Structures are given as structure tokens and as C-alpha cells.
Amino acid sequence: MKSSMQLQLQQVLYSSVILIVGHYDIPLIPAIPGIEKFPSTRITHAKYFRHPSAYKDKNVLLVGNGPSGADLANQLLHYDRTVRRSVRSEPNALAVTNPKVRDILPIKQFHEDGIELVDGTILDDVDHVIFCTGYLYSLPMFLKEAGFITPDGSYVHHLYQQTFYAEDPTLSFMGLPKQVIPFPTFQNQAIVVSKVWAQKLSLPSREVMRKEEFQRLEQKGFDGAKYHSFKFPEDVELAESWRKWIEQDRSPGWEASMKPWEWTEERIAFRKRAPEIKATFLKELEEGRWDQFQFDKA
């Protein structure tokens, strides 16, 4: 039976467009030498993780030491035979793991029957590899030739304040910054966009906007993959810069408009304690003090 639904293409001209594309859709799996030799059925990404019971009594190797790597490690501990985590840098402050999780060196290459680490160690007992290596940016609505995004998908070009397309600010992007507390950060970002488009706040010249992007890249060693990364306290500084910009609006009725999130001293102090709080929770979870909440050891 054929569907009666038909798609109709319609061309509409809008004065402004905002893209809320986020960055949790296209999994990033690094091109590690020999990965095509390793059985593909034993390789996956954190995006597809659903429950640790799927890996019961298996030897699991996690790749990456960000929040996803920490969270999966803490859950898998109670189901797997061994949980190892291949890391190459210092973990995110919020990525607290159970001390029973064993951190090992980065992967040098894959083989058909094992995984070789950078020091030559061969792991021949790995049942599953889970990449906790983040995501790529994707703008499928644009032609690649438009040049909005780097070929490797690591960052979006020509943005002022991570938001406004400097070449034509009637195009804006939401939700690109990574390693942030999403809701307060993007609440402030949304208010900025609405006030700029309502002409209650103004943008600087195109030259100044381009310079701001260059300075951010320079600060990150011209590493595009770090351009959108805002580890604490950078995420606080970003949200606060937007709040202070928002509060420059004193147009009629501004008092009744949506208020931006403010990182007060109390909130910042609590954020600093997050690793300590999480470590305490993991310890109490091990002691069985949270079983009544049925967290399933997650």
C-alpha cells in the first residue's frame, strides 16, 4: 500500500535563520592504524551504549577519559570482568571514576587478534572496545563548498562569540560550545541572539568579529578541535560574558524580559566541588548506601 503523503518543496525568504544543530549526533571514532583489521562487531561508540548488562562478564576497553568515559566505566564495573580505559591526557575535572577502573596508555594500532599500546604492550583479551571520544560537527543543510565547517568536522568557521556568522550575522548557531553546563550556558546564548535580532543589542564590525575568532584560535594553539571546548572555568566565563552583554540592554520593557543565568559565587563554589561530590557518591554507592534509590549501580 502506497502512502498518500507527499512532500512539497516550498521556497520561503526569512530575515534571520538560527541553526540549533548541537554536537551529539555524528560519533567521532579516531582513525587509529589497523582499526579496519579488528572485528567491527566488537567496536562501538558511547552514543550507542544503552545498559552495562550487555557487557556482562566481558573484558571492555574504553577509549577516552572525558565524562562519557568516566560514566561508562563506573557503570560497567559492576558487570564486566575487567574495565580498562585508554587515555592520552589528564581527565576532565568532572570525569571522576571509581578507583577500580584501570587507566592504561593510548592505543598505537589494532591487529586482527589484539590491540597494541604505544609502549608495545599487546592486549589480546579485549572482548569489546567502546570509543568515548566525542562527536563531530555536521551541517548537512549546506554544501561543503560553502566552507562553514572544517573538512574534519572539528569546528565551525567564522563565528563571533560562538554564535553569529561574522560574514552575515542574520545566520546564527546555537549549542556549539562543548564541555559546558548546557542549560544555563545556552539560555544566555538564546537571550543574546533574541536581543541582537530585536536590535536591543548591537554587534561590532565584521573586522572585530573576525578578530575575535582569530584570538580564540590563537589561544587554543590554532587547534580547531579545541575552538568550541570550554572546560571549567572557561564555560563560566563564557556564560558570564553573555550575561554582562545581555544586561547592557536598557530598552523599554527590558525589566520584563527573560533574565540571564548568573554564575554567583555560591554556584561557582558548588561547581568546584563537583568532583569531590561525585567521588563521595561513588564511594557510598560501593558501600551500598544508595541501593534504596535503585540506581542499578549506574
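The buried residues of helix H6 are Leu 282, Glu 284 and Leu 285. They cover an arc of only 165° around the axis, which puts them on the same side of H6. Buried means under 20% relative accessible area, exposed means over 50%, and partly exposed lies in between (1.4 Å probe, protein chains only). The arc is taken from the directions that run from the helix axis to the C-beta atoms.

This is a predicted model: local features need pLDDT of at least 70, side-chain atom pairs count only at pLDDT 80 or more, and totals for chains, interfaces and linings use all residues. Residues are numbered from 1 along each chain as its sequence is written, and side-chain values use heavy atoms, with hydrogens and water left out.

**Overall layout**

- The chain has 6 helices and 14 strands. Both are DSSP runs numbered from the N terminus: helices are H or I with at least four residues, strands are E with at least two.
- Of the chain's 298 residues, 40% count as buried.
- Along the principal axes, the C-alpha atoms fill a box of roughly 65 × 50 × 50 Å.

**Helix H6**

- H6 covers residues 274–286, which is 13 residues.
- From first C-alpha to last, H6 reaches 18 Å, close to the 18 Å expected at 1.5 Å a residue. The expected span is 1.5 Å times one less than the number of residues.

- Strand S8 (residues 114–117) is covered on both faces. Gly 114 and Glu 116 are buried on one side, Ile 115 and Leu 117 on the other.
- S8 pairs with strand S7 (residues 107–111) in the antiparallel sense, over 4 bridges. Two strands pair if DSSP finds at least two bridges between them.
- A hairpin through 2 residues joins S7 to S8.
- S8 also runs antiparallel to strand S9 (residues 122–123), joined by 2 bridges.
- S8 and S9 form a hairpin with 4 residues between them. In that turn, Gly 120 has a positive phi of about 95°.
- Glu 116 of S8 stands opposite Gln 109, and it also stands opposite Ile 122 in S9.

**Salt bridges**

- The count comes to 16 salt bridges. The rule asks for a side-chain nitrogen of Lys or Arg within 4 Å of a carboxyl oxygen of Asp or Glu.
- Arg 216 forms a salt bridge with Glu 234, with the closest N and O atoms 3.2 Å apart. Arg 216 lies in helix H3 (residues 206–219) and Glu 234 in helix H4 (residues 234–246), so the pair ties together parts that are 18 residues apart in sequence. Both Arg 216 and Glu 234 are buried.
- Arg 243 and Glu 240 meet in a salt bridge of 2.7 Å, N to O. They are separated by about one helical turn, because they are 3 residues apart in helix H4.
- Glu 247 is partly exposed at 35% relative accessible area, while Arg 243 counts as buried at 9% relative accessibility.
- Salt bridges that share partners also join Lys 283, Glu 284, Glu 287 and Arg 289 into one network.

**Surface patch**

- Val 12, Tyr 14 and Val 17 make a nonpolar surface patch of about 290 Å². Patches are made of residues with over 30% relative accessible area and no salt bridge; like charges are joined within 9 Å, nonpolar side chains (Val, Leu, Ile, Met, Phe, Trp, Tyr) within 5 Å. Accessible areas come from the Shrake-Rupley method with a 1.4 Å probe, and for residues only the protein chains shown count as cover.
- Val 17 sits in strand S1 (residues 17–19). At 38% relative accessibility, Val 17 counts as partly exposed.

**Backbone points to check**

- Most residues other than glycine have a negative phi, and most peptide bonds are trans.
- The peptide bond from Phe 232 to Pro 233 is cis, with omega near 10°. Pro 233 is in the loop between H3 and H4.
- Asp 57 has a positive phi, near 65°. Asp 57 is in the loop between strand S3 (43–45) and strand S4 (59–63), and counts as partly exposed at 44% relative accessibility.
- His 158 has a positive phi, near 60°. His 158 lies in the loop between strand S11 (135–136) and strand S12 (159–160), and is partly exposed, with a relative accessible area of 30%.
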